[in-house]
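Shall we walk through one together?

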Amino acid sequence: PEILPRIFEPFFTTKENWEGVGLGLAITHRIVEDHKGRIAVASKVGEGSTFTIIIDIDENKKLKGVKIKEEEIKAHLV
């Protein structure tokens, strides 16, 4: 629980040898923010983590001119 506030920081890791350390969560966080969205995580030690991303589809259509069908988004979230 004490590391959760830091997981979206670039180069943050809990690995001791730093092998395979990337920018995955930091980049994901930035992409979600760029689309006026939110990303949250819930985690339990030994059980895993759940990431929730919320993006306002209608707002992004206005901002980017993107043509997205809501059912297409829902299909990818399953």
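The dialogue below takes the features in turn, and the model is a predicted one.

Q: Which residues make up the largest nonpolar core?
A: In soluble globular proteins, nonpolar side chains tend to be buried together. Here the largest nonpolar core has five residues: I7, F8, F12, V32 and I39. Take V32 and set aside residues up to four places away in sequence: V32 touches G37, R38, I39 and I53.

Q: Which residues make the nonpolar surface patch?
A: F11, L23, I27 and I31 make this patch, which covers about 360 Å². You will find F11 in the segment before α1 (24–34).

Q: How do strands β1 and β2 run, parallel or antiparallel?
A: In a regular strand the side chains alternate between the two faces of the sheet. In this model, β1 (residues 38–44) and β2 (residues 48–54) are antiparallel and joined by seven bridges. To find your bearings, look at A42, whose bridge partner in β2 is T50. The two strands form a hairpin with three residues between them, and G46 in the turn has a positive phi of about 80°.

Q: How many salt bridges does a search of the whole structure find?
A: The search finds two. One joins the side chains of R6 and E9, at 3.3 Å from N to O. In another, D34 meets R30 at 3.0 Å, N to O; both lie in helix α1, four residues apart, about one turn of the helix.

Q: Why does R30 count as exposed, and D34 as partly exposed?
A: The cut-off for exposed is over 50% relative accessible area. R30 counts as exposed because its relative accessibility is 54%, whereas D34, at 36%, is partly exposed.

Technical notes
Residues are numbered from 1 along each chain as its sequence is written. This is a predicted model: local features need pLDDT of at least 70, side-chain atom pairs count only at pLDDT 80 or more; totals for chains, interfaces and linings use all residues. Side-chain values use heavy atoms; hydrogens and water are left out. A nonpolar core is a set of buried Ala, Val, Leu, Ile, Met, Phe, Trp, Tyr and Cys residues joined through side-chain atoms within 4.5 Å. Buried means under 20% relative accessible area, exposed over 50%, partly exposed in between (1.4 Å probe, protein chains only). Contact means heavy atoms within 4.5 Å. Patches are made of residues with over 30% relative accessible area and no salt bridge: like charges are joined within 9 Å, nonpolar side chains (Val, Leu, Ile, Met, Phe, Trp, Tyr) within 5 Å. Accessible areas come from the Shrake-Rupley method with a 1.4 Å probe; for residues, only the protein chains shown count as cover. A salt bridge is a side-chain nitrogen of Lys or Arg within 4 Å of a carboxyl oxygen of Asp or Glu. Two strands pair if DSSP finds at least two bridges between them.
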